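Here's a quick tour of a protein model, written for someone just starting out. Have a look at the picture first, then read on.

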Amino acid sequence: MTRSKVIVITGSIATGKSAVTEIIRKHGFQVIDADEIAHEVLKKEFIAEKIRENFGDEFLLKGKVNRPALSDYVFNNKEKLEILNKIMHREIFKEINAKIQESKDEVLFVDMPLYFELKDKMVEYSFKADEIWLVYVKKATQIKRLMNRDNITREIAVKKINSQISVETKKAMSDVIIENDGFIAELEEKVEKLIKMYGQH
């Protein structure tokens, strides 16, 4: 059986990836959500045990990983973040690859926010994307949206944005740029034009 064409939807925080994938789903295409898979992976008992071994009992709540507490802890600790990534990423990509193998669609999409941050690991994780679509906004728009979305200060928003590869750098490495500085109707029109070439599902 021919492998599905895999298109990664990526972008930086607060650029509007979810809005893009919602439009794609509305047109009947399969979207594999890497964040959703990460949440499911955290529910696995052997992952919870690895979290306990590496981070301590305080990050488990009734035997389950306390995600908000763990996220806050690793955000300001690069060394601990790397340990968490080693625990999580292999299992996440194993699940993503399994879903790609199972798919009978000619084309499917993978919503992967940190694609470029993990690009050097893709061969190790046996993941291959055929195209990269970047959801792009100007940094000023990104800061404003993140402040409004998470109800945080400008300083915290900038720190979160700067913890990722800049959206301008990602832009230079992407196959398709979806600009999302305007209204939702404009975004829908842009995405619909792009997916038309793959047929209506």
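Let's start with serine 126, which is exposed, with a relative accessible area of 58% (exposed means over 50%, buried under 20% and partly exposed in between, using a 1.4 Å probe and protein chains only). Keep in mind that this is a predicted model: local features need pLDDT of at least 70, side-chain atom pairs count only at pLDDT 80 or more, and totals for chains, interfaces and linings use all residues. Residues are numbered from 1 along each chain as its sequence is written, and side-chain values use heavy atoms, with hydrogens and water left out. Helices (H or I, at least four residues) and strands (E, at least two) are DSSP runs, numbered from the N terminus.

**Positive phi angles**

- Most residues other than glycine have a negative phi.
- Serine 126 is not a glycine, yet its phi is positive, at about 55°.
- You'll find serine 126 in the loop between strand E5 (107–111) and strand E6 (131–136).
- Lysine 62 is another non-glycine residue with a positive phi, near 55°.
- Lysine 62 sits in the loop between strand E3 (60–61) and strand E4 (64–65), and with a relative accessible area of 86% it is exposed.

**The annotated binding site**

- Which residues does UniProt list for "binding site"? The unreviewed entry gives Ala14, Thr15, Gly16, Lys17, Ser18 and Ala19; positions follow the numbering used here, feature names are shortened, and annotations may be inferred rather than shown by experiment.
- Glycine 16 is in the loop between strand E1 (5–11) and helix H1 (17–26), and it is partly exposed at 21% relative accessible area.
- Leaving aside residues up to four places away in sequence, glycine 16 touches Val135 and Asn180 (contact means heavy atoms within 4.5 Å).
- Serine 18 belongs to helix H1 and counts as exposed, at 54% relative accessibility.

**How helices pack**

- Two packed helices are described by the angle between their axes and the distance between the axes. Axes are lines fitted to C-alpha atoms, for helices over the stretch in contact, and angles run from 0 to 180 degrees between N-to-C directions.
- H1 and helix H9 (residues 184–196) pack at about 55°, with axes 10 Å apart.
- H1 and H9 are therefore oblique to each other (under 35 degrees is roughly parallel, over 145 roughly antiparallel, 65 to 115 roughly perpendicular, and the rest oblique).
- On the H1 side of this contact are Ala19, Val20, Ile23, Ile24 and Lys26, which meet Ile184, Leu187, Glu188, Val191, Glu192 and Ile195 in H9.
- By class, the contact of H1 with H9 has eight nonpolar, no polar and three charged residues (Ala, Val, Leu, Ile, Met, Phe, Trp, Tyr, Cys and Pro count as nonpolar, Asp, Glu, Lys and Arg as charged, and the others, Gly among them, as polar).

**Two partners of H5**

- Helix H2 (residues 34–42) packs on helix H5 (residues 78–102) at about 120°, with their axes 9 Å apart, and that makes H2 oblique to H5.
- Ala34, Ile37, Ala38, Val41 and Leu42 in H2 meet Met88, Glu91, Ile92, Glu95, Ile96 and Lys99 in H5.
- The contact of H2 with H5 divides into eight nonpolar, no polar and three charged residues.
- Helix H4 (residues 67–75) crosses H5 at roughly 130°, their axes coming within 7 Å, which makes H4 oblique to H5.
- Leu70, Tyr73 and Val74 of H4 make that contact with Lys78, Lys80, Leu81 and Leu84 of H5.
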